[in-house]
Amino acid sequence: DQRFYLRLFYAAFLRLQMDRFYQSRLGILDAEAALALGGRGGALRHRSFAEIWPELKDGFEPDFQGFVERELLPLAPTTC
């Protein structure tokens with residue numbers, strides 16, 4: 001099922017972004033650099049991300065959920 005693989009792709013992609021998010025909180029990585037390293041990438045600018053995020057959301061910490069909804073989700077169009 002393609003949706004299954006799409007969920008896995010986004011879950012893995014978001015785990016990488018979560019690592020960068022926490023690195024920026026620790027001061028290891030600049031917050032703007034963390035977003036530049038994939039946070040504003042093409043995969044998150046696809047409407048499938050907006051569709052899949054509610055299914056993945058509960059697998060992430062609340063502070064990262066807020067970051068995704070504030071910084072990343074607005075990049076994804078909700079319609080074609």
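## Fold and dimensions

The protein chain holds four helices and zero strands, where helices (H or I, at least four residues) and strands (E, at least two) are DSSP runs numbered from the N terminus, and its pattern along the sequence reads α-α-α-α. This is a predicted model, in which local features need pLDDT of at least 70 and side-chain atom pairs count only at pLDDT 80 or more, whereas totals for chains, interfaces and linings use all residues. Residues are numbered from 1 along each chain as its sequence is written, and side-chain values use heavy atoms, with hydrogens and water left out.

The radius of gyration of the protein chain is 12 Å, which agrees with the value near 12 Å that a compact globule of 80 residues would have; this radius is taken over C-alpha atoms, and the globule rule is 2.2 Å times the number of residues to the power 0.38. Along the principal axes, the C-alpha trace of the protein chain spans about 40 × 25 × 20 Å. Among contacts (heavy atoms within 4.5 Å) between residues at least 6 apart in sequence, 69% join residues at least 24 apart.

## Helix α1

Helix α1, residues 2-26, has 25 residues and reaches 36 Å from its first C-alpha to its last, close to the expected 36 Å, the expected span being 1.5 Å times one less than the number of residues. Just after α1, G27 takes a positive phi of about 85°. Within α1, the residues Y10, F13, L14, Q17, M18 and F21 are buried, a term that means under 20% relative accessible area, with exposed over 50% and partly exposed in between (1.4 Å probe, protein chains only).

## Nonpolar core

Buried residues make up 31% of the 80 residues in the protein chain. A nonpolar core is a set of buried Ala, Val, Leu, Ile, Met, Phe, Trp, Tyr and Cys residues joined through side-chain atoms within 4.5 Å; the largest one has 18 residues, of which L14, F49, F64, V68 and L72 touch the most other members. Helices α1, α3 (47-56) and α4 (62-72) each supply at least two residues of this core, and α1 gives the most, with five residues.

Leaving aside neighbours within four places in sequence, F64 is in contact with L14, Q17, M18, F21 and Y22.

## Q65 in helix α4

Q65 lies in helix α4 and counts as buried because its relative accessibility is 13%. Not counting residues up to four places away in sequence, Q65 touches W53, K57, D58 and F60.
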